[in-house]
Amino acid sequence: MRWKESTVLLLISPDGLDEALDCVKAAEHLDIVDVKRPAEGSLGANFPWVIREIRAAVPADKPVSATVGDVPYKPGTVAQAALGAVVSGATYIKVGLYGCTTAEQATEVMRGVVRAVKDYRPDAFVVASGYADAHRIGCVNPLSLPDIARRSGSDAAMLDTAVKDGTRLFDHLPPDVCARFVKLAHEADLLAALAGSVKVGDLGVLTGIGTDIVGVRGAVCEGGDRDAGRIRPELVAAFRAEMDRHARDHTATATAAATAAS
C-alpha cells in the first residue's frame, strides 16, 4: 500500500471520539484521522476501544491511523501493541522509536511491528517515527529513520518532536536538513511525513521540499493549544486551504521553470 498524490496529505490527530467527530465534520478537508493520546506523550497511544469508536465514526474512505506510543526498546512488547492497533481498526500504524538508541535497535523493533501488522493485514501501512529533537532524549538520529524504515519493510518514515515545550520541527532541524530527510525517504521508495508543532507559515517550505504527509494537532486547535484547545472543523478547513494554495503555487513555479528550461 503506497500512496502518492499530487498534493500533500493532511493528517489530523484528535485525542478521542469527541474530537474525531469534529474531524468528521471537516472530513472533506483532511486525508487521515490519527488516533493518539497527547497525555501519554508526543506519539502517546490511545485505548483499543477508542480506536474502534473512531474507526466506526470516520467515513470509510478516510484511513484511520493509530500511534503505538513513544516506545521502549522492547521488540516483542511493541509488536503486540502494534497488532492491537490494527486489530482495533487502524490501517496506518505509527511507532515512535523513543527508547531506541541505535539504528540496529530501531530496525529490530520495526521488523517485529511490520511482521505482526502485515501478517494480520497485508495492506496496512507502517510508519517508523523518530524525533527532530532526538538529541534531547538520546534516541536514534533522525536522518537514520529512512534507512531504518527501508530495512524493516516499513512504508513511511516520519519525524515529530518528542518534547512539547513550544519548540518546533524547524527549531531542531532546519529546512535543509528536513529536505535531506525527505530525499532519503524518497530514494528508499518511502513516503516522508513531517510533524512537530507545524504552523501555517511552515507550509511553503514543507511543500517545496516534497513532504508527502503533514501531521498537525495544535495548528487546528482552539488557541493553537494542543493540550487545552479542541480541534475545530473551521480551523481544519482553513489549514487545508493554505496547504492547497501552496501546492498550486509550487506546481505553477515548477511548471514555469520547466518551460523556461526547455
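**Figure 1. Aromatic pairs in the predicted model.** The count comes to 3 aromatic pairs. Rings of Phe, Tyr and Trp (its six-membered ring) pair if their centres lie within 6.5 Å; planes under 30 degrees apart are stacked, over 60 edge-to-face, the rest tilted. This is a predicted model: local features need pLDDT of at least 70, side-chain atom pairs count only at pLDDT 80 or more, and totals for chains, interfaces and linings use all residues. Residues are numbered from 1 along each chain as its sequence is written, and side-chain values use heavy atoms, without hydrogens or water.

**Figure 2. The Phe47 and Trp49 pair.** Ring centres of Phe47 and Trp49 sit 4.8 Å apart, with planes at 10 degrees, so the pair is stacked. Phe47 has a relative accessible area of 33% and is partly exposed. Trp49, at 45%, is partly exposed. Buried means under 20% relative accessible area, exposed over 50%, partly exposed in between (1.4 Å probe, protein chains only).

**Figure 3. The Tyr92 and Phe125 pair.** The centres are 5.1 Å apart and the planes of Tyr92 and Phe125 at 10 degrees, so this pair is stacked. Tyr92 belongs to strand S4 (residues 92-96) and Phe125 to strand S5 (residues 125-131), so the pair ties together parts 33 residues apart in sequence. Strands (E, at least two residues) and helices (H or I, at least four) are DSSP runs, numbered from the N terminus. Both Tyr92 and Phe125 are buried.

**Figure 4. Helix H4 against helix H6.** Ala103, Ala106, Thr107, Met110, Arg111 and Val114 in H4 meet Ile148, Arg151 and Ser152 in H6. Contact means heavy atoms within 4.5 Å.
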